[in-house]
Amino acid sequence: MRRFHHSDPGFAAEFAAFANERRETPEDVDAVVRDVLAAVRRDGLSALLKYAREFDRIELDETSIRVSEQEIEEGARACPGQVRDAIAFAAGRIRAYHERQRPKDERFTDDTGVELGWRWTALEAVGIYVPGGRAAYPSTVLMNAVPAQTAGVERIAMVTPPGRLQPAVLAAAKAAGVTEIWRVGGAQAVAALAYGAGPIRPVDKIVGPGNAFVTAAKRRVYGTVGIDALAGPSEIVVVADATNNPDWIAADLLSQAEHDPAAQSILITDDEDFAGRVEAAVQAQLRVLATGEDAAASWRDHGAIVIAPLSQAPSLVDLIAPEHVEFAVEQPEELADRVRHAGAMFLGRHAPEAIGDYVAGSNHVLPTSRAARFSSGLSLYDFLKRTSIVRCDERAFAALAPATIALAEAEGLPAHARSAAIRMGQG
């Protein structure tokens, strides 16, 4: 864990270098992914079944590769009631939040008589990648599928590596409107969603997190289909004054550190004594945390404490452009309103980032690795597209045609010019 002090010589350059450090472990997977995508595109289902045998050590066929409705129902029923209730609660809040994002269609007539506007329509089919193993989270299903369902996507296809599906994941899929679930993971799952493979029909967009192979595959199929983002390790910045409970702040820092040894947790405070108490609390909690090994590695290798005036916090946050930032101060809006680059902001001492991961209603699929400088978290807009509308009668056309012809001729595009001129009797 590194410590920075705003008054130290060289602070600006050292902290900027720290903020720009790459935390992902580069994996040379692109050649493998290229071959997998090509095989699935060429051979379809037979390639998926071959990779299931090779990578997952499981025999599947055209029927068993799909999770049946009976399996989904039985799995959802096996989910403990308290968890099932929490899933329903979260799904309702996520749905309500994203429904408020719905844009309106627009039609208007300008002073030339041209009728203009736009219309929003939902994507037809979306694929959701849900990792297997310890990363098989029901919240991942909810955060990706509920906005798609709310947008009006008719077909939501979920793919997940073969193996036992957690009852909570199946309960979440049922609550979120997932229409089909397939036992296929890795780059081959991305290929199946992009190109189609046997009973798996292609989709229009692929969303959801995955390992290096999944990320590389999403990068390669972009253009054939849309994708959400290329996610990196999780990150949090906590801006806190000395009136906070250091145990609370330590817990918030570790809430992201436990995700991955490459995750990053940063505390910004103006009180050195408080920073020391938070650091001690982090160490105490690490000793009893079930995920302590990963969290300790994250805190040791990528964590930081920054001692700086809180008035400087917004500029430091903008430099980091974090996935999450908490403002645990008395007047959080005064600082938050000055921040331009952050995936999500949590305001006040009783708004830990963890509620955003599950039940606040906002989406937890957020830009990482400084991508908040130019992108936003997953939303209803990711599952909608906008179509422009133009309508002209003869009078409106006459007002637009001369400038159309002049610009087309200036660009050396005579057919464009003639398309307008012929309607004016000039062609």
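Which residues do ring pairs link into a cluster? In this predicted model, with residues numbered from 1 along each chain as its sequence is written, local features need pLDDT of at least 70 and side-chain atom pairs count only at pLDDT 80 or more, while totals for chains, interfaces and linings use all residues. Side-chain values use heavy atoms, with hydrogens and water left out.

The cluster turns out to be F4, F11, F15 and F18, joined by ring pairs. Since F4 belongs to strand β1 (residues 2-5) and F18 to helix α1 (residues 11-19), the pair ties together parts 14 residues apart in sequence. Here helices (H or I, at least four residues) and strands (E, at least two) are DSSP runs, numbered from the N terminus. The rings of F11 and F15, by contrast, have centres 5.6 Å apart and planes at 15°, so they are stacked. Both of these lie in helix α1, four residues apart, or about one turn of the helix. As for burial (buried is under 20% relative accessible area, exposed over 50%, partly exposed in between; 1.4 Å probe, protein chains only), F4 is buried at 8%, F11 at 8%, F15 at 1% and F18 at 2%.

Moving on to the strands, five of them make an open, parallel sheet in the order β6-β5-β4-β7-β8. The edges are β6 (180-183) and β8 (226-227); each has a single partner strand, so one side of each goes without a neighbour in the sheet. Strands count as paired if DSSP finds at least two bridges between them. Three bridges join β4 (residues 125-129) to β7 (residues 205-207), and G127 has I206 as its bridge partner in β7.

E235 sits in strand β9 (residues 235-240) and is buried, at 4% relative accessibility. Its side chain reaches the backbone nitrogen of S369 at 3.2 Å, a polar contact (N or O atoms within 3.5 Å; within protein, one able to donate a hydrogen and the other to accept it, and sequence-adjacent residues counting only if both atoms are side-chain atoms). Leaving aside neighbours within four places in sequence, E235 has contacts (heavy atoms within 4.5 Å) that include R23, Q256, H324 and R370.

Key. Rings of Phe, Tyr and Trp (its six-membered ring) pair if their centres lie within 6.5 Å; planes under 30 degrees apart count as stacked, over 60 as edge-to-face and the rest as tilted.
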